[in-house]
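Subject: Structure for you to look at

Hello,

I am passing on a structure for you to open and read alongside this message. My notes follow below it.

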Amino acid sequence: MVGVSVTPIIALDVNSLGAALTLVERLGASARFYKVGSELFTAVGPKIVASLRARGLDVFLDLKFHDIPSTVAGAVRAATDLGVALTTVHASGGEAMLRAAVEAAGDRCRVVAVTVLTSLDGATVVDVFGRSGERNEERGKGVKIEAEVARLATYAHRAGIEGFVCSGKEAARLRASLGPSCTLVVPGIRFSDGPAHDQARTVTPTMAAQAGADYIVVGRAVTAATDPIAAMTRLSSELQLALKE
């Protein structure tokens, strides 16, 4: 299912305020939405969010909260007060934690639940979480990631979560099962001729759009490019073409 529109979020996976803002200035009007993750937020703190918001930019605060309900509620409330548009919790945190996060965010910020990290494959999921989920008999090991992502997303959806982080390989199934109103955030975006780096489940911008993504998180495909502006131009072109098909 091809989405109506897809918004790129550029990952500021750097460790200083200066490096982050240099990249933002370099990209200029070509990027209006940025992800602040654990590395940058730990190094810089809330000032990076304030700096981006002062420039009129949208922020995805990706800290993947996973703690007792009251602690997560407090963290989400603090993130919302910073003015972020999206923030993440782990779907595996339990119903009480998920509901607490949604209530803390209110209508000021969308909470999106991380299902299975894009760096994990089926065998690793078994190692970490046990032998739950649908078995992949063809491989003879691990679980079918798509089934595990769907299970976690369905569980989180029952707890009031309306947004989900998944790879592009699982997005179409979630869109079909959870409907058009849910928000799908797809990381692990790589151009067809680019390296996967440390990701196990990558897709191209075109594949993500065709799977129904609302947002795609793009890191090194743009930020490590020799010419980030040219990479953004290519990204936009591929998305526009995919949405016309």
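This is a predicted model: local features need pLDDT of at least 70, side-chain atom pairs count only at pLDDT 80 or more; totals for chains, interfaces and linings use all residues.

Helix 4 contains 13 residues, and the distance from its first C-alpha to its last is 18 Å, close to the 18 Å expected at 1.5 Å a residue. Its buried residues are Val72, Ala73, Val76, Ala79 and Thr80. These residues sit on the same side of helix 4 because they cover an arc of only 125° around the axis. On the face turned away from that buried side are the exposed residues Ser70 and Asp81.

What do the buried residues of helix 4 pack against? Their partners are strand 3 (58–65), strand 4 (86–90), helix 5 (95–105) and strand 5 (110–114). After helix 4 comes glycine 83, which has a positive phi, near 90°.

Strand 3 also holds lysine 64. Most residues other than glycine have a negative phi. Lysine 64 is not a glycine, yet its phi is positive, at about 50°. With a relative accessible area of 27%, lysine 64 is partly exposed.

For the chain as a whole, the secondary structure comes to 11 helices and eight strands. The chain has 245 residues, of which 49% count as buried. Taking contacts between residues at least 6 apart in sequence, 66% join residues that are at least 24 apart.

Helix 1 contributes Leu17, Ala20, Leu21 and Val24 to the contact, and helix 3 contributes Lys47, Ile48, Ser51 and Leu52.

The other pair is helix 7 (145–158) and helix 8 (residues 168–178), which pack at an angle of about 40° with their axes 10 Å apart. Are helix 7 and helix 8 parallel or oblique to each other? They are oblique. Helix 7 passes helix 8 in a right-handed crossing. On the helix 7 side, the residues that meet helix 8 are Ile145, Glu146, Ala147, Val149, Ala150, Ala153 and His157. On the helix 8 side they are Lys169, Glu170, Arg173, Leu174 and Leu178.

Between helix 7 and strand 6 (163–165) there is a loop, and glycine 160 lies in it. This glycine is partly exposed, with a relative accessible area of 28%. Which residues does glycine 160 contact, leaving aside its neighbours within four places in sequence? They are Arg99 and Val102. Glycine 160 is also 9.1 Å from glutamate 103, C-alpha to C-alpha, although the two are 57 residues apart in sequence.

Is glutamate 238 buried or exposed? Its relative accessible area is 17%, and buried means under 20%, so glutamate 238 is buried. Apart from neighbours within four places in sequence, glutamate 238 is in contact with Phe191, Pro205 and Thr206.

Regards

Terms used. Residues are numbered from 1 along each chain as its sequence is written. Side-chain values use heavy atoms; hydrogens and water are left out. Helices (H or I, at least four residues) and strands (E, at least two) are DSSP runs, numbered from the N terminus. The expected span of a helix is 1.5 Å times one less than its number of residues. Buried means under 20% relative accessible area, exposed over 50%, partly exposed in between (1.4 Å probe, protein chains only). The arc is that of the directions from the helix axis to the C-beta atoms. Contact means heavy atoms within 4.5 Å. Axes are lines fitted to C-alpha atoms, for helices over the stretch in contact, and angles run from 0 to 180 degrees between N-to-C directions. Angles under 35 degrees count as roughly parallel, over 145 as roughly antiparallel, 65 to 115 as roughly perpendicular and the rest as oblique. A crossing is left-handed if the near helix is turned anticlockwise from the far one by less than a right angle, and right-handed if clockwise.
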